[in-house]
Amino acid sequence: MAAIVTPLGARNPLCTTIRKAIQKGLRTDDGLVVAEGFHLLEEAHRSRCPIETVIGTEAALQNWRALEHSHPETRIFSVDPVTFATFSTTDTPQGILALVRLPEWTLADLLRFPALVVLLDGLQDPGNAGAVVRSAEAFGATGVVFLKGSASPYHPKTLRAAAGSLFRVPFLTAPDLPDFDFPVYATAKADAAPIDAINWRESCGVVIGSEGRGVRPEILAACQPVTIPTETVESLNAAVAAGILLYEVRRQRNRP
């Protein structure tokens, strides 16, 4: 039996709630994230995150039919394409989004031994922040911390760039560097040990700085600086640097 689909008008309070959450890059007042597009919908399903609401155009909702039997409690609403476009954050909307409840993580969840905690320091671009989280999952990081000044993990663009990883990777937001009982390394441009000279086999943290200024001086002072050797170019995109560094950690930990 097909689920009941309720039509929504553009001025419905639920539509207003979604627009507000998107504009602020935060969760809704009910603690839900806005996950737009079929891929994120499928990733939320695969990650067993509660999908509390699905909203889409009539055409797009046909693609929800394959999943709705697994989510009998999900509320389903239809909107016209013009209304959907008012809260879409993509250039070519797919016509469907979900309100998803993410897991609530604690610091202990990030510290599975051997810990590999990725800390984002002032990484403001949601696309870069999400890409780092995706690399963190790919290379076995145990968690991610969004420090002060970084993009919100709940921003739709962060969620989209993370491609589902934020549904699974433990993460927290924090104003300052947490007090860890293991070394924390920070990427620096020069006068630092190259990443392949560091022993990454034990628990550690790695700080990825902002696109423009890098790691804040006060954070860098509390860390051990490391650098990624390059030729002719002085620095790398933050997400690229994170991927290279995390690959080196993974390479060493997998080595006999």
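Tutor: Serine 203 is in the loop that runs between strand E10 (193-194) and strand E11 (204-208), in what is a predicted model. Its relative accessibility is 12%, so serine 203 counts as buried, the cut-off being under 20%. Leaving aside residues up to four places away in sequence, serine 203 touches Phe113, Pro114, Ala115, Phe182, Pro183 and Arg253. One of these, alanine 115, has its backbone nitrogen 2.8 Å from a polar atom of the serine 203 side chain.

H6 contributes Asn128, Ala131, Val132, Ser135 and Ala136 to the contact, and H9 contributes Ala238, Ala239, Ala242, Gly243 and Leu246. Of the residues in this contact, seven are nonpolar, three are polar and none is charged.

Now H6 itself. Its 13 residues span 18 Å from first to last C-alpha, close to the expected 18 Å. At its start, a side-chain oxygen of aspartate 125 comes within 3.0 Å of the backbone nitrogen of glycine 127. The buried residues of H6 are Pro126, Asn128, Ala129, Gly130, Val132, Val133, Ser135 and Ala136. Besides H9, they pack against strand E6 (116-120), strand E7 (143-147) and helix H7 (156-162). After H6 comes glycine 140, with a positive phi near 85°.

How values were computed: Residues numbered from 1 in each chain as written. Predicted model: local features only at pLDDT ≥ 70, side-chain atom pairs only at ≥ 80, totals over all residues. Heavy atoms only, no water. Contact = heavy atoms within 4.5 Å. Helix = DSSP H or I, 4+ residues; strand = E, 2+ residues; numbered from the N terminus. Nonpolar A, V, L, I, M, F, W, Y, C, P; charged D, E, K, R; others polar. Buried < 20%, exposed > 50% of the residue type's maximum accessible area, 1.4 Å probe, protein only. Polar contact = N/O pair within 3.5 Å; in protein donor to acceptor, adjacent residues only side chain to side chain. Expected span 1.5 Å × (residues − 1).
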